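The sequence and structure are shown here.

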Amino acid sequence: MRTFYIGLFSLALLLHSCAPAAPKEQAVVPSARQLNWQDLEYYAFVHFSINTFTDKEWGFGDESPELFNPTELDTDQWARVAKEAGMKGIIITAKHHDGFALWPSAYTEHSVKNSPWRDGKGDLLKELRASCDKYGLKMGVYLSPWDRNHPDYGTEAYITYYRNQLTELLTQYGPLFEVWFDGANGGDGYYGGANESRKVDKLTYYDWPNTHALVRQYQPDAVMFSDAGPDIRWVGNEKGYANQTTWSTLYRDSVYAGMPDFDRFSAGQEDGTHWVPTETDVSIRPGWFYHASEDDKVKTVAHLWDIYLNSVGLNSNLLLNLPVDRRGLVHETDVERLMGLKTQLDATFAQNLIASAPSELSDDDRNTFELLQSGDTHRIEIELTTPVEANLFSIQEAIQFGQHIQSFRFFVADESGNYKNVYEGTTVGNKRMITFDTQFVTGVAFEVTEAKSTVRIAEVALHRAPDLE
Ligand code: FUL
């Protein structure tokens with residue numbers, strides 16, 4: 001038994017471990033860039049392009065660049081809103097499936113340079129870079145592999161074009177934290193006037209390894225997203241909900257972006273060969289792009305909070321999309337909801353009810369942790385001398401050593417000190433949040449019922465989340 005005294009509370013931390021038959025340590029661990037990315041937790045997607053002006057989700061590729069004409073475009077407003085919302089960065093749709101480039105690419109006429117915006121002299125990526133720097137945000141880019149405008153799409157020449165554009169983004173706009181490769185591709189389009197359907201072999205056409213090499217060459221700290229990684233994978237749906245069981249490991253070499261039924265990998269693979277954690281992408285509105293008809297369909301604060309719990313709280317990161325409107329601004333309603341979520345996040349997480357003094361379990365540092373030796377039962381039990389009202393427990397594995405917990409049980413002690421089991425779950429990984437009925441708690445216990453190997457708990461926290469309508 002070990003006992004820690006933490007601040008106002010006297011916490012008894014009990015570790016029980018049985019007959020350690022030390023299984024082999026799991027070798028699959030995150031890279032430094034993946035660890036840094038995991039710490040970001042919450043950041044913005046911005047879908048803004050020609051579709052904003054045609055009221056579409058997927059442009060055909062024949063839209064005139066002259067349609068792109070935001071009247072009040074202000075990337076400072078985007079960055080200020082994202083910053084105030086507690087987000088850590090912005091990923092912009094530099095080019096969506098319609099092929100329209102938000103920067104004056106040297107390789108196409110289908111870009112802002114032929115639009116009336118800033119008299120054709122504008123560069124949205126450059127403006128966003130300056131705004132991200134001003135507000136201390138990271139910047140990332142989305143470059144759609146599918147291009148319904150380009151005449152060469154489907155041939156070898158298009159791959160060169162794609163890489164040329166990617167190189168512009170990788171070399172002209174400062175450090176990028178993430179490069180986003182969408183899995184949707186192939187089908188009908190304008191294709192330089194051909195107006196036909198073009199199918200590509202998603203496994204081989206893009207020759208992804210050589211494109212990935214460009215990102216590593218010019219932006220070695222950036223993580224790459226696609227359905228299948230290589231660094232981050234799709235969560236498997238666009239609703240904002242990660243799987244209850246989420247392994248950050250995957251048999252990466254047997255999957256590829258755009259694979260049919262990719263959602264079957266939402267749980268990951270327990271014995272996967274590579275570390276490829278999930279990212280949960282979801283829009284604050286039904287569509288990814290702005291539609292005035294959805295002004296009254298912006299997700300409520302309660303919905304966003306539920307999404308947060310089920311993404312960040314399920315071993316994932318949350319990429320929340322903001323459909324910038326025709327003015328070039330984040331709409332007032334969206335801003336209001338984002339600030340509502342921020343109020344909820346602050347009110348909930350400002351105080352760890354079991355962390356009023358230094359401890360390896362409450363210092364927000366994954367490099368200090370509690371080791372639970374292998375065996376049949378591992379239990380962390382924390383007694384509080386003063387009862388606290390709580391409804392949320394959060395726990396983190398020290399994932400730099402891999403992900404090990406296979407199943408767990410969570411208990412709270414009532415005012416008489418009796419422990420009752422209020423939750424049973426599977427994986428933990430970077431962070432698992434468990435909600436339970438609001439009650440006065442005199443202790444909490446977290447029991448690992450199955451583990452692949454030695455478990456290292458980096459953080460535990462207890463909170464009282466305000467009730468939302
Ligand atoms: C999907 C795209 O087809 C949507 O338009 C959107 O960009 C979303 C984030 O990814 O695959």
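**Salt bridges in the predicted model**

R379, E381, R409 and E447 are joined in a network of salt bridges. A salt bridge here is a side-chain nitrogen of Lys or Arg within 4 Å of a carboxyl oxygen of Asp or Glu. The model is predicted, so local features need pLDDT of at least 70 and side-chain atom pairs count only at pLDDT 80 or more, while totals for chains, interfaces and linings use all residues. Residues are numbered from 1 along each chain as its sequence is written, and side-chain values use heavy atoms, with hydrogens and water left out.

The search of the whole structure finds 24 salt bridges. The table lists some of them.

| Pair | N to O distance |
|---|---|
| R366 and D39 | 2.8 Å |
| R285 and D334 | 2.8 Å |
| D296 and K297 | 3.7 Å |

R366 and D39 meet through their side chains. This pair links distant parts of the chain, 327 residues apart: R366 is in the loop between α8 (332-349) and β15 (370-372), and D39 is in helix α1 (residues 32-40). Helices (H or I, at least four residues) and strands (E, at least two) are DSSP runs, numbered from the N terminus. R366 is buried at 16% relative accessibility, whereas D39 is partly exposed at 44%. Buried means under 20% relative accessible area, exposed over 50%, and partly exposed in between (1.4 Å probe, protein chains only).

R285 forms a salt bridge with D334. R285 lies in the loop between β13 (278-283) and α7 (301-309) and D334 in helix α8, so the pair ties together parts 49 residues apart in sequence. Both R285 and D334 are buried.

In the pair of D296 and K297, D296 is exposed at 64% relative accessibility and K297 is partly exposed at 46%.
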